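Please look over the sequence and the model shown here, and then read the report that follows, which takes its topics one at a time.

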Amino acid sequence: MKGSMRRIGALVKLSLLELWRRNDMFALLVLSLVLLVPLSLARPFGASGATRYFDEVALLLVWGYSLFIALGIGGRLFTSEFANRTVYPLLAKPVSRGELLVGKYLGAVTASWSALAFFYALWAGASLLRGGECLTVCFFQAFILHALFAALAVAAAVEGSFLLTPSASTTLLAILFPSMFFFGRHLPDYAENVSGVLRWLVNAFYWIAPHVEFFDMRQRLVHGWGGVEAGVFLAVVGYGVVYSAVLLFLAHFLFKRKRL
Amino acid sequence: MKRLIPYGALAVLGVLVWVLSQVAPAQMPQAIAGGDMLSVLLGDAKKDISGAMVHEADSYFHGGVDMDCHHLHDHHDHEHAHHDHEHHAEEDHDNETESFDPWRWINAHVRAPEIDRHLDGGKAVEMMPWFWVAVKSDPHNIDAWSTAWYSASHLMKDEALALRIATEGQRLNPESLEMACVLGRAYRAEATRDQAKSEAMFHKVLELAEDKKELEESDELPLFSALGYLADSARHRNDTQKLTVLLNAARRFAPNHPTTHAIERMLEARR
């Protein structure tokens with residue numbers, strides 16, 4: 001057990017270093033500055049004092065970045081190992097496929113979370129500079145739910161990489177996640193407007209698809225609504241954990257059946 | 001470093017699009033006659049974007065709650081709004097009793113539709129960026145212009161800002177009865193009071209209405225508002241002749257309209 005934990009720990013450290021050695025984070029930071037600095041100087045109709053639009057756009061960017069990072073890390077977690085044939089020496093050592101999957105997944109999630117923490121810290125800093133109150137219960141709830149979203153996205157990307165080619169999997173998830181994020185809660189309304197098999201399909205999709213919009217607390221943060229009730233918060237946490245675990249279990253099943 | 005190239009290119013492209021949209025659009029080859037860079041790039045999609053931005057402003061008015069209804073467009077008939085809130089609550093209750101949907105339950109609680117607060121006072125400035133994007137996307141979105149003016153004038157109580165919005169909106173939509181009426185109302189405000197300009201704008205509303213072969217439903221409110229304001233001014237000046245002219249005009253448009261009857265009563269009181 002202790003040896004297993006040590007091996008998983010080493011894999012986590014490796015993934016974390018990989019993310020921060022790449023230039024992705026730096027590029028995203030530059031892109032943010034290019035977009036947000038002019039936005040912060042805007043005075044619509046010559047009126048000053050509006051700040052919520054800035055917070056909302058900044059948080060939307062953080063959501064986009066977190067998805068980009070999670071899908072990127074998750075998608076190349078095993079495909080690069082297979083392509084470079086480095087998976088063989090890894091498995092030749094006393095590391096089981098399950099340990100390798102869990103270790104690399106936890107590493108990818110830790111890396112995603114570190115990037116997320118960095119962007120939330122920047123957002124909180126910018127908010128504090130403008131005299132806002134950001135270190136609230138709502139802020140921490142928003143961060144935790146966003147982190148769970150990242151964990152779910154990494155799990156989906158890992159599972160997708162075993163099912164499809166890396167580009168197909170990433171493209172599909174890059175369409176699915178934003179679609180669910182923006183329109184997932186309206187699916188029952190769409191189902192009501194169609195009939196027959198299509199209605200059944202939309203309803204089935206509504207129940208099965210990942211409801212990533214549950215993790216979105218941007219409106220609460222931006223408009224200062226306060227945190228969600230503990231019961232609701234735990235329900236969303238439970239949803240994220242269970243959904244990620246199911247995806248990982250499927251990934252493990254596919255990995256075990258994969259011929260190397 | 002190579003990985004930075006696409007991001008750098010994207011940033012350069014963004015800056016280029018912005019610069020091109022600002023600098024002399026009339027001198028550039030246009031795919032759409034008379035259109036600006038946004039028209040060329042987005043075509044009819046800009047109208048949808050503009051509508052979405054007004055919807056976003058509406059959700060800001062409700063403290064961030066997406067109401068999927070446009071109370072702001074109705075210029076804040078609070079009784080109506082209150083009724084709608086109750087209506088939504090009843091609907092939600094009915095849905096809950098029909099069948100329990102855990103996903104809907106989570107969404108409802110995370111997005112807190114039970115919160116019923118409205119932006120007012122200086123905080124209403126938070127809506128302005130969305131109105132600004134709305135009118136930049138589609139300068140002919142009269143709803144966006146008039147709601148932005150209403151927010152500045154009635155919620156923020158910033159008459160100078162309201163006048164700027166109304167002036168720009170009317171300049172870009174010279175054929176719109178509503179924008180002429182809005183500008184007339186903006187000139188009537190205490191801080192920016194200019195009786196002559198205000199009346200000139202209300203007269204413009206009448207001229208635009210006369211020039212139209214057939215009035216649309218949306219023209220009725222600005223037309224009779226303008227008639228009402230002009231009649232009110234004439235009454236204060238004891239100008240019976242002007243009241244008679246206005247009454248004749250009102251009768252031509254709609255003899256049974258409440259404003260027509262109101263002008264009739266004003267004249268009868270003078271006789």
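## Helices of chain B

In this predicted model, chain B holds 13 helices and 0 strands, and from the N terminus on its elements therefore read α-α-α-α-α-α-α-α-α-α-α-α-α. Chain B has 271 residues, of which 32% count as buried. Among the contacts in chain B that have a separation of 6 or more, 53% are made by residues 24 or more positions apart.

## Confidence

The predictor assigns the complex an ipTM of 0.86 together with a pTM of 0.77. For chain B, the pLDDT averages 80, and 76% of the residues score at least 70. Residues 69–94 of chain B, however, have a pLDDT below 50, although this stretch still has 16 contacts in the model beyond near neighbours in sequence. Where pLDDT is low, the predicted coordinates should not be read in detail.

## Where chain B touches chain A

The contact between the two chains takes 26 residues from chain B and 29 residues from chain A. On the side of chain B that touches chain A, the elements giving two or more residues are α1 (4–22), α5 (102–111), α6 (128–137) and α8 (159–172) of chain B. Of these elements, α5(B) gives the most, with 6 residues. Sorted by type, the residues on this side of chain B comprise 16 nonpolar, 6 polar and 4 charged.

## The nonpolar cores

Which residues have the most contacts inside the largest nonpolar core? This core has 58 residues, and those with the most contacts inside it are Met127(B), Trp130(B), Phe131(B), Trp149(B), Val205(B) and Leu246(B). At least two residues of the core are supplied by each of α3 (45–61), α6, α7 (142–155), α8, α9 (177–188), α10 (195–211), α11 (217–236) and α12 (240–253) of chain B, and the largest share, 8 residues, comes from α9(B). The core also draws at least three residues from each of two domains of chain B, namely domain 1 (35–157) and domain 2 (181–212 + 219–271).

Phe131(B), which is listed among the residues with the most contacts inside this core, touches Ala57(B), Ala144(B), Thr147(B) and Ala148(B), when residues up to four places away in sequence are not counted.

Definitions and conventions. Residues are numbered from 1 along each chain as its sequence is written. Chains are lettered from A and ligands numbered from 1 in the order in which they are written. This is a predicted model: local features need pLDDT of at least 70, side-chain atom pairs count only at pLDDT 80 or more; totals for chains, interfaces and linings use all residues. Helices (H or I, at least four residues) and strands (E, at least two) are DSSP runs, numbered from the N terminus. A residue is buried if 20 or more other C-beta atoms lie within 10 Å of its own, exposed if 12 or fewer, and partly exposed in between; C-beta atoms are placed from the backbone. Two residues are in contact if their C-beta atoms, placed from the backbone, lie within 7 Å. Ala, Val, Leu, Ile, Met, Phe, Trp, Tyr, Cys and Pro count as nonpolar, Asp, Glu, Lys and Arg as charged, and the others, Gly among them, as polar. pLDDT is the predictor's confidence in each residue, from 0 to 100. A nonpolar core is a set of buried Ala, Val, Leu, Ile, Met, Phe, Trp, Tyr and Cys residues joined through C-beta atoms within 7 Å. Domain bounds come from an automatic or database domain assignment.
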